[in-house]
Amino acid sequence: MLETTEFDVAEYLDTEELRDCYLDYVAKDGTQEELLKAISDVARARGMSKTAKEAGITREGLYKALSPNGNPAFSTIWNILHSIGYTLTPTPIAKL
């Protein structure tokens, strides 16, 4: 029987450029849930312990905030984004 492994995008986000492109794409074209997942993927690619420390939360708190069932406060997302080297920049939505 053929064995397969689950695809984990975090394993392939090994450069700053790839992380930038990934987050940019999901932020522009994804849903809120997809963006939270992308932030989680980038945090895992950088290292959850390092990200948690820089965000000022526990590692467990970081996993909980970024989980599919998490409901993180805006301030938590703000701190996580800053810890992985990003900020939010309001941009007008293109009108058709």
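Author: Helices (H or I, at least four residues) and strands (E, at least two) are DSSP runs, numbered from the N terminus. This is a predicted model, in which local features need pLDDT of at least 70 and side-chain atom pairs count only at pLDDT 80 or more, while totals for chains, interfaces and linings use all residues. Residues are numbered from 1 along each chain as its sequence is written, and side-chain values use heavy atoms, with hydrogens and water left out.

Reader: How far apart are the end C-alpha atoms of helix H1?

Author: Helix H1 covers residues 16–29, which is 14 residues. The expected span of a helix is 1.5 Å times one less than its number of residues, and for H1 this should come to 20 Å. The model agrees with that expectation, since the end C-alpha atoms of H1 are 20 Å apart.

Reader: Within what arc do the buried residues of H1 fall?

Author: Buried means under 20% relative accessible area, exposed over 50% and partly exposed in between (1.4 Å probe, protein chains only), and in H1 the buried residues are Arg-19, Leu-23 and Val-26. Seen down the axis of H1, with the arc taken from the directions from the helix axis to the C-beta atoms, these residues line one face of the helix, because they fall within an arc of 70°.

Reader: Which exposed residues does the face of H1 turned away from its buried side carry?

Author: What covers the buried residues of H1 includes H2, where contact means heavy atoms within 4.5 Å. The face turned away from that buried side carries the exposed residues Glu-17, Tyr-25, Lys-28 and Asp-29.

Reader: What covers the buried residues of helix H5?

Author: In H5, residues 74–83, the buried residues are Thr-76, Ile-77, Ile-80, Leu-81 and Ser-83. They fall within an arc of 160° seen down the axis, so they line one face of the helix. What covers them includes helix H2 (32–46), helix H3 (48–55) and helix H4 (59–65).

Reader: Is the aromatic pair of Phe-74 and Trp-78 stacked or tilted?

Author: Rings of Phe, Tyr and Trp (its six-membered ring) pair if their centres lie within 6.5 Å, and planes under 30 degrees apart count as stacked, over 60 as edge-to-face and the rest as tilted. The structure holds 2 aromatic pairs. Phe-7 and Tyr-12 are stacked, at 5.4 Å centre to centre and 15° between the planes. For Phe-74 and Trp-78, with 6.1 Å centre to centre and 35° between the planes, the pair is tilted.

Reader: Is Trp-78 exposed or partly exposed?

Author: Phe-74 and Trp-78 are 4 residues apart in helix H5, which means that about one helical turn separates them. Phe-74 is exposed, with a relative accessible area of 57%. At 33% relative accessibility, Trp-78 counts as partly exposed.

Reader: Which helix gives the largest share of the lining of the largest pocket?

Author: A pocket is found on a 1 Å grid over the protein atoms alone, as an open set with protein on both sides within 12 Å along at least five of seven lines, and lining residues have an atom within 4 Å of a point. The largest pocket is lined by 34 residues. H1, H2 and H5 each supply at least two residues of this lining. The largest share, 9 residues, comes from H2.

Key:
1 Å grid on protein atoms, 1.4 Å probe; cavity = no way out; pocket = protein on both sides within 12 Å on 5 of 7 lines; lining within 4 Å.
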